[in-house]
Amino acid sequence: MANILLGVTGSVAAVKTPLLYETLQHSGYAVKVVATQASLYFFDPAAIPRPSLVLDEDEWPGRSVGRRWQREDEVLHIQLRRWADILLIAPLDANTLAKLANGLADNCLTCVWRAWEPGRPVVLAPAMNTLMWQHPATGRHLRQIATDMGAAPPTELGLDGLLDWINTNCPHLRIAAPEDRRLACGDVGVGAMAALDTIAAVMQSVLDSG
Ligand SMILES: Cc1cc2nc3c(=O)[nH]c(=O)nc-3n(C[C@H](O)[C@H](O)[C@H](O)COP(=O)(O)O)c2cc1C
């Protein structure tokens, strides 16, 4: 079974991280979780066994007490990239989406992304407020990511058309479309993270397609 690197970012939907981790594990995958600082506001990191949970501070062991990098130390984000067969980012918040599209690499997860070969599979499960989702930046960023992964979408597509286009035409990239329902902030509209079984099915489909 595949090695899944599960990136988790600072959306309310990160409350589901322990359940998503368990679901993937019970399906037989080996799972490691790379969590951003902001995501830790939404789930208890103690719910994931420590060797399987990677935090930003793990990239810099001893830094807070003045230790310096030693030649035999590993570079964790590169180790994780080598280990993983697939990168799943669920939830993907607006901030990290923007970083992925622009190539910023200021935490462990975005360093993994920046070191990821475009030919290896990626699944993104965005989750954000409806107006954040409908903001023109969302389409711009998703289009840029698809282009960076080897398939440039036509410019005239709206968001729904863009997701369909990416899921049909980008062999190594799938977007688990956010759902239309009442959001944690009280607004009703598109932006809730896709259901966990949908995310698992999307992930399996990209793995099956090789
Ligand atoms: C209570 C709360 C809920 C949030 N929910 C979301 C969300 O669902 N989607 C989103 O894009 N940002 C959300 N944010 C904003 C992100 O947490 C913020 O942009 C953060 O800097 C993201 O950091 P990261 O991308 O490094 O995880 C929320 C912030 C707070 C305080």
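These are my notebook entries on what I looked up in this structure.

**Ground rules.** I am working with a predicted model, where local features need pLDDT of at least 70, side-chain atom pairs count only at pLDDT 80 or more, and totals for chains, interfaces and linings use all residues. I number residues from 1 along each chain as its sequence is written.

**Entry on the sheet.** I started with the strands, which like helices are DSSP runs numbered from the N terminus (helices are H or I, at least four residues; strands are E, at least two). I count strands as paired if DSSP finds at least two bridges between them. I found an open sheet of six strands, in the order S3-S2-S1-S4-S5-S6, and the pairing is parallel. I then looked at S1 (residues 3–8) and S2 (residues 30–35), which run parallel and are joined by six bridges. Here I saw Val 8 opposite Ala 35 in S2.

**Entry on a cis bond.** Strand S4 (residues 86–92) holds Pro 91. I checked the peptide bond from Ala 90 to Pro 91 and found it cis, with omega near 0°. As a reminder to myself, most peptide bonds are trans.

Asp 180 stands opposite Val 190 in S8, and Arg 182 has Val 188 as its bridge partner. Five residues lie between the strands of this hairpin, and Gly 186 takes a positive phi near 100°.

**Entry on H3 and H6.** I turned to helix packing, with axes taken as lines fitted to C-alpha atoms over the stretch in contact, and angles from 0 to 180 degrees between N-to-C directions. H3 and helix H6 (residues 136–148) pack at about 40°, their axes 8 Å apart. That angle makes H3 oblique to H6 (under 35 degrees counts as roughly parallel, over 145 as roughly antiparallel, 65 to 115 as roughly perpendicular, and the rest as oblique). For contacts, I need C-beta atoms, placed from the backbone, within 7 Å. Leu 97, Ala 98, Leu 100 and Ala 101 of H3 meet Ala 137, His 141, Gln 144 and Ile 145 of H6. My classes put Ala, Val, Leu, Ile, Met, Phe, Trp, Tyr, Cys and Pro as nonpolar, Asp, Glu, Lys and Arg as charged, and the others, Gly among them, as polar.

**Entry on H6 and H7.** H6 and helix H7 (residues 159–169) pack at about 15°, with axes 10 Å apart. The two are therefore roughly parallel to each other.

**Entry on the ligand.** Which residues come nearest the ligand? Of the 14 around it, I listed Gly 10, Ser 11, Thr 36, Ala 38 and Asp 93, where near means a C-beta atom, placed from the backbone, within 6 Å. Helix H3 (residues 94–102) gives the largest share of the shell, three residues. I sorted the shell into six nonpolar, seven polar and one charged.

Methods. Two residues are in contact if their C-beta atoms, placed from the backbone, lie within 7 Å.
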